[in-house]
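Colleague: Please take one part of this model, the surroundings of the ligand, and go through it closely. Then carry on to whatever else deserves a look.

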Amino acid sequence: MKRDLIVVGTGPAGITAGMYGLRSGLETLVLDKGICGGLSNEAPIIENYPGFKKIGGMELAEKMKEQLSEYVSINELEEVKKVGSGAEEMTVITEKDTYHTKAVVISTGTKHRKLGVKGEDEYLGRGISYCATCDGFFFRNKHVMVIGGGDSAVREALYLKNIGCEVTLIHRREKLRAEQYLQKNLKEAGIRILWNSVITEIKGDTAVSSVVRYDKKTGDEDVLPVAGVFISIGEEPVNGLATQMGIMMDKSGYIITDKSQRTNLKRVYAAGDITGGVRQIVVACAEGAIAASSAYDDLLG
Ligand code: NAP
């Protein structure tokens, strides 16, 4: 099957790239190993995407998907295994098919960073979660901990509090990284914060029942009873495909692009969280639009 443009990954960047690609006249295909929307599906509330004062991440992703579907077919649950380069065309091999394309946009996003402590893998889905909107409901009226000090952790803490959980935020320093607006909301919500603290172990039997907390300032260690642990300590790039293709990345594994979203490979572009920088939905959309426009310029312009 021949295409002009194949977009890999359908977070906000990939969705926008697909839409701009097709609208500019490129025969475009959009693929995702999971479902459309990427990590924005997990955002409890988005308040900084222009046009929507307050909207749930899943709702926004659904609206974007609906809009993209007007233009182009979206192949969800189709993982790209390999992209092979050729003089004029690239071969995109998925678990279901093989496609030929003149240009590729990589928008594979990021995945949740793991804490790396004992019990984390063992209790995943049994008290440990990386997504409050997905799993918070099961912890209503229970005591949960949110680990992290960034925008995501504070948003998760606020969401959990709002649905009726008793929430404690644990942060490894005594200053949050989250934006001031969120910090103000956190304070107003009366959420307890344990500063200078790290979790060294998550314990339980059939499900999580406690965590071991180490106080970095005093050197004390204690066991705190909890029903749920929400780990929200940032993200890591999903760069397996970029590595396989030989795309240049920075030392943290994010794809390096120029201002036109071009990578070091001819007719290969990158957009969204996989490029690092300011990771916001509005930025991802902008980069997706630029990437598809650059593909158009390079192919037909
Ligand atoms: P982040 O900004 O990288 O924050 C990660 C937090 O986890 C930091 O507070 C960090 O501590 C802590 N942390 C990292 N590794 C840790 C470890 N091993 N143990 C304990 N704590 C650890 O990640 P994020 O909150 O997921 O946000 C990612 C990006 O998305 C950011 O650019 C953010 O602005 C954006 N975002 C925006 C919104 C929004 O509403 N505008 C919402 C969500 C995300 P330190 O502070 O000590 O480094």
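**The ligand and its surroundings**

Modeller: Start with Asn48: an N or O atom in its side chain is 2.9 Å from a nitrogen atom of the ligand. Keep in mind that this is a predicted model. In one, an N or O atom of the Asp151 side chain is 2.7 Å from a ligand oxygen. In the other, a polar side-chain atom of Ser152 is 2.8 Å from a ligand oxygen. As for cover, the ligand taken alone exposes 910 Å², and the protein buries 80% of that area.

Now the shell as a whole. It has 18 residues, and Asp151, Ser152, Arg155, Arg173 and Arg177 come nearest to the ligand. By class, eight are charged, eight are polar and two are nonpolar.

Next, the aromatic rings. A pair is described by the distance of the centres and the angle of the planes. With centres required to lie within 6.5 Å, the model has three aromatic pairs. One of them joins Tyr49 and Phe52: the centres are 6.3 Å apart and the planes are at 25°, so this pair is stacked. The cut-off for stacking is under 30 degrees. Are these residues buried or exposed? Tyr49 has a relative accessible area of 19% and is buried. Phe52, at 29%, is partly exposed. Another pair joins Phe137 and Phe138, whose ring centres are 6.2 Å apart with planes at 80°, so this pair is edge-to-face. Both Phe137 and Phe138 are exposed.

On to the loops. Most residues other than glycine have a negative phi, and most peptide bonds are trans. Asn196 has a positive phi, near 50°. Asn196 sits in the loop between strand 11 (192-194) and strand 12 (197-204). Its relative accessible area is 14%, so Asn196 is buried. Gln261 also has a positive phi, near 65°. Gln261 belongs to the loop between helix 6 (240-245) and strand 17 (268-270). Gln261 is buried as well, with a relative accessible area of 5%.

Thr263 also has its place in the loop between helix 6 and strand 17. Thr263 is buried, at 11% relative accessible area.

The C-alpha atoms of Glu122 and Ile202 are separated by 9.1 Å, while the two residues are 80 apart along the chain. Glu122 lies in the loop between strand 7 (110-112) and strand 8 (128-129). Its relative accessibility is 48%, so Glu122 counts as partly exposed; exposed would need over 50%.

Notes. Residues are numbered from 1 along each chain as its sequence is written. This is a predicted model: local features need pLDDT of at least 70, side-chain atom pairs count only at pLDDT 80 or more; totals for chains, interfaces and linings use all residues. Side-chain values use heavy atoms; hydrogens and water are left out. Rings of Phe, Tyr and Trp (its six-membered ring) pair if their centres lie within 6.5 Å; planes under 30 degrees apart count as stacked, over 60 as edge-to-face and the rest as tilted. Buried means under 20% relative accessible area, exposed over 50%, partly exposed in between (1.4 Å probe, protein chains only). A residue is near a molecule or strand if one of its heavy atoms lies within 4 Å of it. A polar contact is a pair of N or O atoms within 3.5 Å; within protein, one must be able to donate a hydrogen and the other to accept it, and residues adjacent in sequence count only if both atoms are side-chain atoms. Accessible areas come from the Shrake-Rupley method with a 1.4 Å probe; for residues, only the protein chains shown count as cover. Ala, Val, Leu, Ile, Met, Phe, Trp, Tyr, Cys and Pro count as nonpolar, Asp, Glu, Lys and Arg as charged, and the others, Gly among them, as polar. Helices (H or I, at least four residues) and strands (E, at least two) are DSSP runs, numbered from the N terminus.
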